[in-house]
Every structure is written in C-alpha cells, then in structure tokens.
Protein chains: 4
Amino acid sequence: MFTYTRRAHYHETDKMGIVHHSNYIKWMEEARTALMDHIGFTLRRMDELGVASPVVSLSVDYKRPVEFSDVVELRLSVKKYNGVVLEFDYEFFNSSKNEVCTKASSKHCFLMDGRPVNLRQAMPELHACFIEGTKEES
Amino acid sequence: MFTYTRRAHYHETDKMGIVHHSNYIKWMEEARTALMDHIGFTLRRMDELGVASPVVSLSVDYKRPVEFSDVVELRLSVKKYNGVVLEFDYEFFNSSKNEVCTKASSKHCFLMDGRPVNLRQAMPELHACFIEGTKEES
Amino acid sequence: MFTYTRRAHYHETDKMGIVHHSNYIKWMEEARTALMDHIGFTLRRMDELGVASPVVSLSVDYKRPVEFSDVVELRLSVKKYNGVVLEFDYEFFNSSKNEVCTKASSKHCFLMDGRPVNLRQAMPELHACFIEGTKEES
Amino acid sequence: MFTYTRRAHYHETDKMGIVHHSNYIKWMEEARTALMDHIGFTLRRMDELGVASPVVSLSVDYKRPVEFSDVVELRLSVKKYNGVVLEFDYEFFNSSKNEVCTKASSKHCFLMDGRPVNLRQAMPELHACFIEGTKEES
C-alpha cells in the first residue's frame with residue numbers, strides 16, 4: 001500500500017460547502033503519479049518514452065463528504081498487473097475527521113503510439129520496475 | 001431518454017491531447033441539471049428548498065477518447081427512482097466521430113438539512129414531478 | 001463585438017455559493033474559441049496547422065458575483081491585432097440579474113513550432129481572415 | 001515574503017502540453033491559504049467567523065510555460081493592507097527549470113454577511129494577526 005496525502009483546496013469546494021465529487025478523480029491521478037515517482041519510474045519518463053496509461057474505467061463510492069482544508073490520505077494498492085492491464089484500489093481516509101470517506105478503483109491499459117502494448121515485451125525495464133514496485137507496495 | 005449536447009472545450013484537454021477523464025464527471029452533472037430544467041423542477045429550486053441530491057456512487061467506462069471541439073451527446077436515462085434513491089445511465093455519443101465513446105452510471109440520494117429523506121413524503125410535489133418527468137423520459 | 005452566452009454550472013461554484021473566480025478564465029477561452037468558429041478559422045484548424053496563440057497576460061476586474069444557473073453573456077471585442085499581438089476586451093453581462101458583473105482583458109501572441117511568428121507573413125490566409133473577422137466584429 | 005511550493009499535476013496540463021493558464025489562479029489561492037495557515041489565522045476560521053475575502057481583481061503576466069511535474073515556488077508578498085483592502089504580489093519561480101515563469105497580483109476586500117467591513121474595527125484580533133503576520137512576511 002502506498003499513501004498519498006493531500007489537503008482539500010478552497011477552489012475544490014462547491015456550493016454544498018464540500019469538495020466537489022469530480023475532484024476525487026483528479027486526486028486519484030495525483031496518487032498514481034506519486035506512486036510512480038516512488039517506484040522510480042516517473043510518469044514523465046513514461047511520457048517521454050511514448051507510453052501512455054489511459055484510464056479504461058473507474059468507479060467511486062462516496063461515503064462521507066470532505067470539507068475545505070481537511071487532510072485526506074489516499075491509500076493506493078495495486079489490485080492487478082500483468083503487463084497489459086493495471087488495476088488500482090483506493091481508500092480515502094479523512095484524517096481531519098478520522099474516517100474512511102471514499103472507496104474507489106480504476107483500470108488502465110498501456111498504449112505506445114496509440115496502440116495497446118504488453119509492457120513485458122515492449123518495455124521490459126518498466127515492466128520489471130512495476131513488478132518490483134508493486135510487489136513492494138502490495 | 002433525455003439528450004444534453006456539449007462541445008469539448010480547449011481547457012478540458014490534457015497533454016495526451018484528449019479531454020481529461022475527470023471532466024466526464026462534470027458533464028454528467030451538467031446533463032442532470034439540464035434534465036431537471038426540462039422536467040420543470042430546476043436544481044436551483046431544489047437548492048432553495050433545502051434539498052440536495054449528492055452523488056452516492058458512480059462508474060465510468062471510457063471506450064474512445066474525445067478531442068477538443070468534438071460535439072458529444074449525453075444520453076441520460078433514469079434507471080431507478082423510488083423517492084429515496086435515483087439512478088441514471090449515461091451514454092456519451094461523439095457525434096463528430098459518429099461513435100459511442102463512453103458509458104457511465106450514477107446513483108444519488110436526497111438530503112434535507114443533511115439528513116436522508118424520502119421525497120414521496122417530504123416533497124410530494126417534487127416527487128410527482130420526478131415520476132412524471134422520468135416517465136416521459138424513459 | 002461578438003457575444004458568447006453561457007450558463008453557470010453547479011461544478012463551477014465554490015463554498016461561498018458563487019462561481020469560483022478561476023472559472024472566468026476558462027469562459028474567456030471559450031468565448032475566443034466561439035469567435036474563431038464565427039470568423040471561419042477554427043482554433044482546431046489553427047492547431048492542426050501548428051499555430052498556437054498562448055495567453056501572454058490577462059487581467060480581470062470582478063464586480064458582482066455570478067450564481068449557479070445564471071446566464072452570462074460574454075461580450076468580446078478585439079482591441080488590437082497586428083499580426084504579432086492580439087488583444088481582447090471582455091464584458092461579462094449577467095442576464096439573469098441584468099447587470100455587468102465583470103470586465104477583463106487578455107493579450108496573446110502567435111507561435112509556430114514554439115517560436116513567435118507574424119501571421120501576416122507566416123499565414124496570410126489566417127491573417128486575412130482575422131483582419132476581416134475582427135473588422136466585422138469591432 | 002512567503003513561499004508556497006507546488007508540483008504541476010497531469011490533470012492541470014492542456015493539449016499544448018503545458019499547464020493551462022487558468023490553473024495559475026487556483027495556485028495563487030492555494031498560496032494565500034498557506035500564508036493564512038502560516039500567520040496563524042486559517043481561512044477556515046475566517047470562514048467560520050463569517051468573514052470572506054473575495055478577489056476584487058487580478059492580473060497575470062505569463063512569461064514561460066510550466067510543464068507537467070515541474071516544481072514551482074510561489075513567492076507571495078503583501079503589497080498593501082489597511083483593514084479594508086489587501087493586495088498581493090506573486091512571483092512564480094519554476095525550480096525545475098531555474099527561471100521565473102510568471103508574475104501576478106491580486107486585490108481583495110473583506111465581507112461580513114455580504115457587506116464590506118474594515119477588519120480594524122470589525123475583527124481587531126484578525127487585524128492584529130494580519131499586521132503581525134504580514135510584517136513578518138514582508
């Protein structure tokens with residue numbers, strides 16, 4: 001499990017006075033970016049090598065609202081990785097309120113020049129890094 | 001079925017050159033707002049009456065990317081409504097590319113003063129409007 | 001003068017209950033995009049030709065807040081265009097409240113392959129289109 | 001001078017491959033929030049006391065683009081504070097590229113229950129805190 005910690009910004013609230021639900025999707029991306037930094041293969045480097053990992057699907061289960069200035073820990077786990085598909089589970093823990101506030105998951109594939117690739121063959125170094133990194137994290 | 005049509009803005013794209021996946025969540029909200037306008041009970045009026053309909057959960061299945069300036073039709077259907085819970089299905093049809101690009105769903109409850117309510121009892125007028133409106137739309 | 005009309009979305013509000021001030025910057029971009037469509041040389045076509053017109057500077061004078069669901073007319077005028085620099089003035093008229101709510105301006109240059117160009121020489125067709133279009137609009 | 005450090009997120013980029021210019025406005029707000037935390041009178045507490053400090057005007061001078069994952073230091077100085085009006089200057093220093101990338105300023109007033117107030121009379125504690133805090137920062 002990897003934890004990415006984040007404070008809720010004012011500009012992320014809506015007129016209900018809570019963080020707008022669309023922002024959670026951005027936080028999930030930020031957590032993935034931080035994880036890649038952590039395993040030593042940055043998203044920026046992937047980008048420069050022409051590999052993209054677009055979101056194929058996601059789901060979010062909003063349990064409790066987050067307010068401006070609350071500190072939220074996103075606990076990120078790799079649920080599945082096989083070179084072709086990557087799946088994450090997310091638990092949002094609001095440490096200002098001491099409660100799990102949201103659960104989510106996302107599924108990603110890998111593209112090179114717009115076409116699906118298996119990282120095992122196409123980018124063994126990144127693949128190894130993923131296997132190692134996610135092992136360490138799980 | 002109710003259709004909300006929307007052009008993709010430049011500020012909605014990301015460095016992959018496509019609409020960032022978090023924006024779809026905003027488009028879904030815009031479509032719901034437009035549906036409420038259509039059935040004659042605006043979200044603004046709900047708001048003024050102290051009724052909120054927060055998102056309880058959502059899922060999105062991204063099939064094909066949307067590019068800047070593409071025109072997308074969001075086809076919105078009420079899957080379930082019983083006074084307590086409201087569920088929508090969404091089909092995103094990219095009319096610039098003549099393809100279904102995304103499918104999604106969302107689930108909502110109703111709150112008054114922060115507590116769950118059954119609209120059937122709490123707001124019969126809005127309930128009737130929903131029953132009528134969603135009948136018409138289904 | 002060219003007018004772009006826009007309704008304020010729920011996801012654009014903040015916990016003060018009004019449209020967050022950062023969104024005005026996005027609306028200004030949307031208005032410019034609509035103007036380009038109107039003069040017959042879309043931003044998308046510019047993009048495909050490798051010409052970008054980044055924002056060099058902007059200023060915004062917020063006079064009156066905009067609320068969810070308010071309809072706002074952005075009145076856009078070209079203040080200056082000489083092939084190298086393009087300047088716009090914006091007046092935001094809140095037609096739901098019958099008041100001018102904001103004034104703004106923005107300044108743009110033109111880049112090809114990341115380097116400043118004079119459209120007069122580099123893209124005479126676009127230049128002519130601009131001269132015509134902005135004449136028509138002023 | 002107070003410094004707020006921030007990494008550019010993927011979701012903040014646009015199809016030009018750089019951080020979209022509207023996000024700078026959000027970063028400026030984040031820097032002000034961090035400054036308030038630092039001087040010991042959080043925006044959240046102001047909020048709870050019913051005091052808002054809306055943006056009256058702002059201007060931004062974009063010099064050099066910021067790319068995904070760049071680390072940017074926002075250097076924030078109070079230019080003016082007199083109980084009624086608060087003005088900030090911002091320098092964005094891209095430490096990944098070792099260059100000043102943007103300069104900006106913003107002007108704010110103070111509202112209680114929607115009406116302008118002079119903090120000197122209306123909230124002497126907050127006023128003192130501001131005088132102290134901004135002295136310390138200038």
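Predicted model: local features only at pLDDT ≥ 70, side-chain atom pairs only at ≥ 80, totals over all residues.
A few ground rules: residues count from 1 along each chain as its sequence is written, and chains are lettered from A and ligands numbered from 1 in the order in which they are written. Local features need pLDDT of at least 70 and side-chain atom pairs pLDDT 80 or more, while totals for chains, interfaces and linings use all residues.

Ten strands sit in one open, antiparallel sheet, ordered E1(C)-E4(C)-E5(C)-E6(C)-E3(C)-E3(D)-E6(D)-E5(D)-E4(D)-E1(D). Its edges are E1 (2–7) of chain C and E1 (2–7) of chain D, each pairing on one side only. Neighbouring strands are turned by 20 degrees against each other on average, direction ignored. Strands are DSSP E runs of at least two residues and helices H or I runs of at least four, numbered from the N terminus; two strands pair if DSSP finds at least two bridges between them.

| Strands | Bridges | Facing residues |
|---|---|---|
| E1(D) and E4(D) (71–81) | 6 bridges | Thr3(D) opposite Arg75(D) |
| E7(D) (111–112) and E8(D) | 2 bridges | Leu111(D) with Pro116(D) |

H1 (23–39) of chain C lies across E1, E3, E4, E5 and E6 of chain C, at about 130 degrees to E1(C). In chain D, H1 (23–39) runs at about 130 degrees to E1(D). Axes are fitted to C-alpha atoms, for helices over the stretch in contact, with angles from 0 to 180 degrees between N-to-C directions.

**Chain C meets chain A**

This contact (C-beta atoms, placed from the backbone, within 7 Å) takes 9 residues from chain C and 9 residues from chain A.

Notes. Contact = placed C-beta atoms within 7 Å.
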